[in-house]
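These are my notebook entries on one protein structure. I record in them what I looked up, entry by entry.

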Amino acid sequence: MEKNERYQEVTVKTEPVFQGKIISLQVDTIQLPNGGTATREIVRHPGAAAVLALIDGKMLVVEQYRKPMEKFQIEIPAGKLDAGEDPMVAAARELEEETGYRAGKLRPLSAFYTSPGFADEKLYLYLAEELTKGESAPDEDEFLAVDAITFEQAQHYIAEERISDAKTVLAVYAWQIYRLTGEI
């Protein structure tokens, strides 16, 4: 047995609690490594794709109201994956839908779990290159403003918590590395 396998939690029972348009919630009863049991509340999410798009030394962002936080947020373009959708295809789609820009090339930067303590959402982050302007077409329930911000603005927005989501903060730090090294 590998060292970390002895700490694995084994699912004994799963109780579906909620099935929504985007997420589902379940409560799992698990067996602990010491033989005891516990419950885990788990949010299931199809995953998402996000895009760091740089144009003329600025980063494309969208500002929209985020109901869970009850405030406006500045974020990089992103959205959930459709069933069976390739994350790169989703990234290209979301960039164009939200900003009107098309990427001639997308490069994967990172993939990470957004909140592994309770959710299985995996987010794929891409760098968009060779951008061309087109027409935006946000979803019918999406109301957002598109902007291109400088690195200094991004840092300021992080300090003010106008940028406070993990994907955008990570994108800004990737951009910082790019600015310092010329590579990303």
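**Entry 1: Between the domains**

I looked up the polar contacts between domain 1 and domain 2 and found three residue pairs, both residues at pLDDT 80 or more. A polar contact is a pair of N or O atoms within 3.5 Å; within protein, one must be able to donate a hydrogen and the other to accept it, and residues adjacent in sequence count only if both atoms are side-chain atoms. I note that the model is predicted, that local features need pLDDT of at least 70 and side-chain atom pairs pLDDT 80 or more, and that totals for chains, interfaces and linings use all residues. Residues are numbered from 1 along each chain as its sequence is written, and side-chain values use heavy atoms, with hydrogens and water left out.

Domain 1 covers 5–44 and domain 2 covers 48–181; such bounds come from an automatic or database domain assignment. I found their C-alpha centres 31 Å apart. Six residues of domain 1 are in contact with five residues of domain 2, where contact means heavy atoms within 4.5 Å.

I then looked up the area buried between the two domains. It is about 420 Å², with 50% on carbon and sulfur atoms. Buried area is the accessible area (1.4 Å probe) that two parts lose on being put together, summed over both. On the side of domain 1, Ile22, Val43 and Arg44 lose the most area to domain 2, together 68% of what that side buries.

Two salt bridges are counted between domain 1 and domain 2. A salt bridge is a side-chain nitrogen of Lys or Arg within 4 Å of a carboxyl oxygen of Asp or Glu.

**Entry 2: The whole chain**

I counted three helices and ten strands in the protein. Helices (H or I, at least four residues) and strands (E, at least two) are DSSP runs, numbered from the N terminus. Their order from the N terminus is β-β-β-β-β-β-β-α-β-β-β-α-α. The C-alpha atoms fill a box of roughly 60 × 40 × 35 Å along the principal axes.

Of the 184 residues, 35% are buried. Buried means under 20% relative accessible area, exposed over 50%, and partly exposed in between (1.4 Å probe, protein chains only).

**Entry 3: Nonpolar cores**

Which residues touch the most other members of the largest nonpolar core? I found Leu52, Met59, Ile149, Ala154 and Ile163, in a core of 23 residues. A nonpolar core is a set of buried Ala, Val, Leu, Ile, Met, Phe, Trp, Tyr and Cys residues joined through side-chain atoms within 4.5 Å. Strand 4 (48–55), strand 5, strand 9 (122–133), helix 2 and helix 3 each supply at least two residues of this core. Helix 3 gives the largest share, five residues. I also found a second, separate core of 13 residues, including Leu60, Leu95, Tyr101 and Leu131.

Leaving out residues up to four places away in sequence, Met59 touches residues including Leu52, Ile76, Ile149, Ala154, Val172 and Trp175.

**Entry 4: Charged residues**

The structure holds 18 salt bridges. In one of them, Glu9 pairs with Arg40, with the closest N and O atoms 2.6 Å apart. Glu9 lies in the segment before strand 1 (10–19) and Arg40 in strand 3 (residues 37–44), 31 residues apart.

Is Glu75 buried or exposed? I found Glu75 to be buried, because its relative accessibility is 4%. Glu75 forms a salt bridge with Arg66, the closest N and O atoms being 2.8 Å apart. Arg66 counts as partly exposed, at 30% relative accessibility. The side chain of Glu75 also makes a polar contact with the side chain of Lys167 (2.8 Å). Lys167 lies in helix 3 and is buried, with a relative accessible area of 11%.

I next examined Asp82 and Arg93, whose side chains meet in a salt bridge (3.9 Å, N to O). Asp82 is in the loop between strand 7 (78–80) and helix 1 (87–99) and Arg93 is in helix 1, so the pair ties together parts eleven residues apart in sequence. Salt bridges that share partners join Lys80, Asp82, Glu85, Arg93, Glu94 and Glu97 into one network.

**Entry 5: Positive phi**

I found a positive phi, near 55 degrees, at Glu70, a residue other than glycine. Glu70 is in the loop between strand 5 (58–66) and strand 6 (71–75). Glu161, also not a glycine, has a positive phi of about 65 degrees. Glu161 is in the loop between helix 2 (151–160) and helix 3 (166–181).
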